[in-house]
Amino acid sequence: QTIEDVFLTLGSEERAAVITHGAAFRLSDLRNRLFLAQSKVKHFQAKYGKSLEEMDRDRLPDNADYEMHEDFIFWHHWSDAADVAEREIHTLERIIQFGLHFEG
């Protein structure tokens, strides 16, 4: 038996409540991650005085040091993390709305 099988033994209202409440908890975590990721991206933008898109377009300068290379990699990481968090937040918000309509 899988967790899905056990979950499906719950009534439809209880399943909706579990999903809605679980989504709300996860949403809080994702919003914190999004805030952190956006803060990191803003830090790099302030440090280098341009956006990541501009850095990608202009390329790193030939004399870029080790720190700049590392920052560039982390900048991409945090930008991607922000994008993923935003997409997941949007999806969870939709799930919560379905649950609220179902419960309401």
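## Charge

The protein has 12 positive and 20 negative side chains, and 3 Å separates the centres of the two sets. Lys and Arg count as positive and Asp and Glu as negative, while His and the chain ends are not counted. Each charge is placed at NZ of Lys, CZ of Arg, CG of Asp or CD of Glu.

## Basis of the model

This is a predicted model, in which local features need pLDDT of at least 70, side-chain atom pairs count only at pLDDT 80 or more, and totals for chains, interfaces and linings use all residues. Residues are numbered from 1 along each chain as its sequence is written, and side-chain values use heavy atoms, with hydrogens and water left out.

## Fold and dimensions

The protein contains 4 helices and 0 strands, in the order α-α-α-α from the N terminus. Helices (H or I, at least four residues) and strands (E, at least two) are DSSP runs, numbered from the N terminus.

The C-alpha trace spans about 65 × 30 × 20 Å along its principal axes. The radius of gyration, taken over C-alpha atoms, is 20 Å, whereas a compact globule of 104 residues would have one near 13 Å. The globule rule is 2.2 Å times the number of residues to the power 0.38.

## Burial and the residue S79

Of the 104 residues, 27% are buried (under 20% relative accessible area; exposed is over 50%, partly exposed in between; 1.4 Å probe, protein chains only). S79, in helix α4 (residues 66–103), is buried, with a relative accessible area of 16%.

Leaving aside neighbours within four places in sequence, S79 is in contact with V41 and L52; contact means heavy atoms within 4.5 Å.
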